[in-house]
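Keep the structure open as you read.

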Amino acid sequence: MKKRRFLSLILCLFIAASVVLTGCGDKTETSSKAVDSTTEAAVTESAAKAAATDSIDYMALVNKTHKLSANWEKKLKTVTFKNTVGDKVEVEKKAYDAYLKLKSALEKEKIYVDLDSARRSVAEQQRIMDDFTKQYGADYAAKTVAKPGYSEHHTGLALDLYLIIDGKDVTENEDMIKYTDIWATIHKLLPEYGFILRYLDGKEHITGYGYEPWHIRYLDNKDIAEDITDKGITFEGYLNTASEDPVKII
């Protein structure tokens with residue numbers, strides 16, 4: 001009798017431990033094929049809307065292994081403006097409207113930004129790859145610049161910010177990355193306007209790129225942006241395409 005009670009106790013403890021462990025790891029990204037129902041519904045709705053109309057799919061994934069769809073540019077609607085350094089920047093229209101609202105909110109926090117770049121053609125992406133390779137070396141270029149045709153910047157939804165500190169434009173990566181407090185404030189505000197931080201620190205094995213505090217992505221969905229940000233996961237992780245095998249960065 002005592003032996004049965006002992007075995008029953010062990011069984012109960014095992015079950016309890018299993019329940020506790022099951023609830024852990026909210027921020028873990030896996031390659032599970034089981035897609036969360038809410039996520040699946042949101043992604044399906046976005047794709048269906050794009051297919052049924054002349055609009056783009058704001059939830060489209062473009063990375064090292066997912067190429068931009070062939071008909072994307074035919075549906076893309078953009079606006080072009082000049083930034084504070086005099087460069088022309090092309091942005092998807094809704095993303096630009098959201099960016100202006102984000103910019104206004106940041107200015108209330110005494111933080112000033114502008115867009116270094118947004119949409120790029122394949123030819124422009126190749127030029128950037130060549131320039132980065134020449135200036136920083138092939139390894140750094142491979143970690144920070146996407147292969148032409150596989151760049152999120154082709155979508156017009158990926159925006160690279162730069163800072164304006166004391167009235168001076170700070171555009172170089174090695175200078176911008178020093179302002180950690182400013183970026184932290186910017187990142188907190190992103191979801192409210194439908195943006196996420198695209199390349200997170202410590203997630204290089206999933207995104208294939210090093211940490212870029214200036215690279216943000218428009219999703220046209222505040223709830224999804226907030227969910228991704230709150231969980232501290234990547235866009236790949238949210239879409240359940242994150243691989244357990246490291247992405248080749250170089």
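Lys 93 and Asp 97 sit four residues apart in helix α4, so about one helical turn separates them. In this predicted model, the two form a salt bridge whose closest N and O atoms are 3.4 Å apart. Lys 93 is partly exposed, at 42% relative accessible area, and Asp 97 is also partly exposed, at 33%. The spacing makes sense: an α-helix has 3.6 residues a turn, so residues three or four places apart point the same way.

Asp 227 has a relative accessible area of 24% and counts as partly exposed; so does Lys 231, with 36%.

Now for a pair that spans more of the chain. Arg 119 forms a salt bridge with Glu 90, with 3.2 Å between the closest N and O atoms. This pair ties together distant parts of the chain, 29 residues apart: Arg 119 lies in the loop between β3 and α5, and Glu 90 in strand β2. Is Arg 119 buried or exposed? At 17% relative accessibility, Arg 119 counts as buried, because the cut-off for buried is under 20%. Glu 90, at 23%, counts as partly exposed. Elsewhere, Glu 152, Arg 198, Arg 217 and Glu 236 are linked in a network of salt bridges, and the count for the protein comes to 13.

Next, follow the chain into helix α5, which covers residues 122-136. Gln 125, Ile 128 and Met 129 are buried there. They lie on the same side of α5 because they cover an arc of only 105° around the axis. On the other side, Ala 123, Lys 134 and Gln 135 are exposed. Helix α6 (138-144) is included in what covers the buried residues of α5. Just after α5, Gly 137 takes a positive phi of about 105°.

Finally, look inside. The largest nonpolar core has 42 residues, and those with the most contacts inside it are Val 91, Leu 159, Ile 186 and Phe 195. Helix α4 gives the most to this core, with seven residues. Ile 186 touches Leu 106, Ile 111, Val 113, Leu 161 and Leu 163, leaving aside residues up to four places away in sequence. Apart from this core lies another, of eleven residues, including Met 59, Ile 196, Phe 235 and Leu 239. Across the protein's 250 residues, 43% count as buried.

Methods:
Residues are numbered from 1 along each chain as its sequence is written. This is a predicted model: local features need pLDDT of at least 70, side-chain atom pairs count only at pLDDT 80 or more; totals for chains, interfaces and linings use all residues. Side-chain values use heavy atoms; hydrogens and water are left out. Helices (H or I, at least four residues) and strands (E, at least two) are DSSP runs, numbered from the N terminus. The expected span of a helix is 1.5 Å times one less than its number of residues. Buried means under 20% relative accessible area, exposed over 50%, partly exposed in between (1.4 Å probe, protein chains only). The arc is that of the directions from the helix axis to the C-beta atoms. Contact means heavy atoms within 4.5 Å. A nonpolar core is a set of buried Ala, Val, Leu, Ile, Met, Phe, Trp, Tyr and Cys residues joined through side-chain atoms within 4.5 Å. A salt bridge is a side-chain nitrogen of Lys or Arg within 4 Å of a carboxyl oxygen of Asp or Glu.
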